[in-house]
Amino acid sequence: MAKRLWPFLLASTVSLIPFTVFGMYLVPISEAAGGSVAEIGGLRGLGGLAALAVGVLLAPLMDRAPRELVAAGGLALLGVSAVLGAVGNVFALAAFCLLIGASTSILAPSIGAAAADRFRSPAAAGRAATLVSATTSAMAMLAAPVLAGPGLIWGWRGNLLAAAAISLALAAAFFWRGRGRKAPITHRERMSYLATYRELARIPGALPLLAIAMLRTAAFMGYLAYLAAFYDEKFELAPGWFALVWSLSGASFFLGNLLSGRYLATDRPWITPERLLVVGITTALLAVSAFYFSPTLPLTLLLTALMGASHATVAACVTTLLVRRSGDLRGSALSVNAAGMSLGTFLGAAVGGLGLGLGGYPGTAITFAAITLVALLLALRTGEPRP
């Protein structure tokens with residue numbers, strides 16, 4: 001599967017590098033911009049507006065445009081946003097956040113839908129889409145040790161400029177690969193925007209699943225947005241040492257997503273995707289409720305790993321259920337799901353910054369726990385559809 005999907009997996013490894021740099025170096029970036037951690041970190045909430053607008057416009061078009069050309073556009077926009085982020089003032093960082101939201105909403109749906117389209121069976125398609133999403137999140141976090149070394153030489157600005165160069169080079173490669181290719185052809189290609197969304201709403205459990213994906217992403221990515229600052233304040237971990245913590249979180253997410261995706265692809269899993277979804281969200285709720293109050297570094301690291309694994313399990317369950325239940329609308333469903341997760345990424349940073357500004361890290365814990373609790377209530381409404 002990796003051999004067939006390697007161009008999309010490569011693009012997924014690059015897509016969140018700017019976010020990784022921003023999360024790793026949030027403290028020095030805030031100092032350079034002349035703002036607090038909560039203020040600068042919360043700027044990423046602006047990206048949610050762009051993610052939502054672009055995602056809504058793009059989803060019905062996923063089956064009407066060549067995937068490679070769409071991905072090339074997303075990568076080019078990603079490179080431009082990284083250049084703006086390297087400027088480092090408040091206005092440039094605000095533009096950086098807006099463009100990152102737009103680029104993620106373009107890139108993630110295109111490569112996720114393309115991966116699912118490479119396989120005919122629902123189980124294999126679900127595994128392919130899960131593999132891409134896992135690689136996107138995991139490689140962004142596992143890239144931290146690689147970024148930490150060059151960062152000692154040229155700083156966070158150099159890392160952003162390097163990300164821009166890689167993104168633009170990949171954009172050119174995807175554009176060359178997609179030239180002359182035809183758009184995917186389906187009998188639904190002339191369906192209007194509103195008709196597409198009406199069909200999606202009729203899929204059993206689709207709306208709760210899409211909402212869960214957005215809320216889960218908001219809780220997890222918001223938690224990651226302030227992870228470096230938390231470890232720096234409580235345990236005085238410098239960015240170099242924190243790279244190992246970032247890798248622990250990334251490895252936990254990747255392994256949890258990969259293993260749960262493989263398990264759910266079996267013919268008759270002992271635990272159904274619907275039940276495993278509830279178990280994963282419950283575990284995530286307990287982990288985030290305890291994380292910010294952990295008294296020791298080893299326990300905090302354990303909770304960091306548990307957060308990654310539990311959220312990865314939830315992500316795999318949502319992807320599997322959407323792919324199995326969507327049928328011919330799989331591409332559109334995955335596109336809306338990716339757009340919702342993009343919105344959740346930046347929404348989590350914004351509400352996390354609000355909680356941090358109002359109540360410190362206990363306020364952040366309450367904020368993310370409340371978001372996860374809402375996702376748990378929705379998960380109870382995604383029962384198995386009747387045959």
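Let me start with a term we need: a patch here is made of residues with over 30% relative accessible area and no salt bridge, and nonpolar side chains are joined into one when they lie within 5 Å. Keep in mind, too, that what you see is a predicted model.

So, which residues form the nonpolar patch on the surface? They are L46, L49 and L98, and together they have about 250 Å² of accessible area. L98 sits in helix α7, which covers residues 90-117.

Now let's look at helix α5, residues 46-58. Which residues of α5 are buried? They are G47, G48, A50, A51, G55 and L58. If you look down the axis of α5, these buried residues fall within an arc of 160°, so they line one face of the helix. The face turned away from that buried side carries L49 and L57, which are exposed. We have already met L49 as a member of the surface patch.

Next, charges. Side chains of opposite charge can pair when their charged atoms come close. How many salt bridges does the count give? It comes to 1. The partners are E274 and R325, and their closest N and O atoms are 2.8 Å apart. E274 lies in helix α14 and R325 in helix α15, residues 297-326, so the pair ties together parts that are 51 residues apart in sequence. Are these two buried or exposed? Both E274 and R325 are buried.

Last, the aromatic rings. A pair of them is described by the distance of the centres and the angle of the planes. Searching the whole structure gives 15 aromatic pairs. Take F230 and F291: their ring centres are 4.9 Å apart and their planes stand at 40°, so this pair is tilted. F230 is in helix α12, residues 227-235, while F291 is in helix α14, residues 273-291, so the pair links distant parts of the chain, 61 residues apart. Both phenylalanines, F230 and F291, are buried. They also belong to one aromatic cluster, whose other members include Y223, W246 and Y361.

Technical notes
Residues are numbered from 1 along each chain as its sequence is written. This is a predicted model: local features need pLDDT of at least 70, side-chain atom pairs count only at pLDDT 80 or more; totals for chains, interfaces and linings use all residues. Side-chain values use heavy atoms; hydrogens and water are left out. Rings of Phe, Tyr and Trp (its six-membered ring) pair if their centres lie within 6.5 Å; planes under 30 degrees apart count as stacked, over 60 as edge-to-face and the rest as tilted. Helices (H or I, at least four residues) and strands (E, at least two) are DSSP runs, numbered from the N terminus. Buried means under 20% relative accessible area, exposed over 50%, partly exposed in between (1.4 Å probe, protein chains only). Patches are made of residues with over 30% relative accessible area and no salt bridge: like charges are joined within 9 Å, nonpolar side chains (Val, Leu, Ile, Met, Phe, Trp, Tyr) within 5 Å. Accessible areas come from the Shrake-Rupley method with a 1.4 Å probe; for residues, only the protein chains shown count as cover. A salt bridge is a side-chain nitrogen of Lys or Arg within 4 Å of a carboxyl oxygen of Asp or Glu. The arc is that of the directions from the helix axis to the C-beta atoms.
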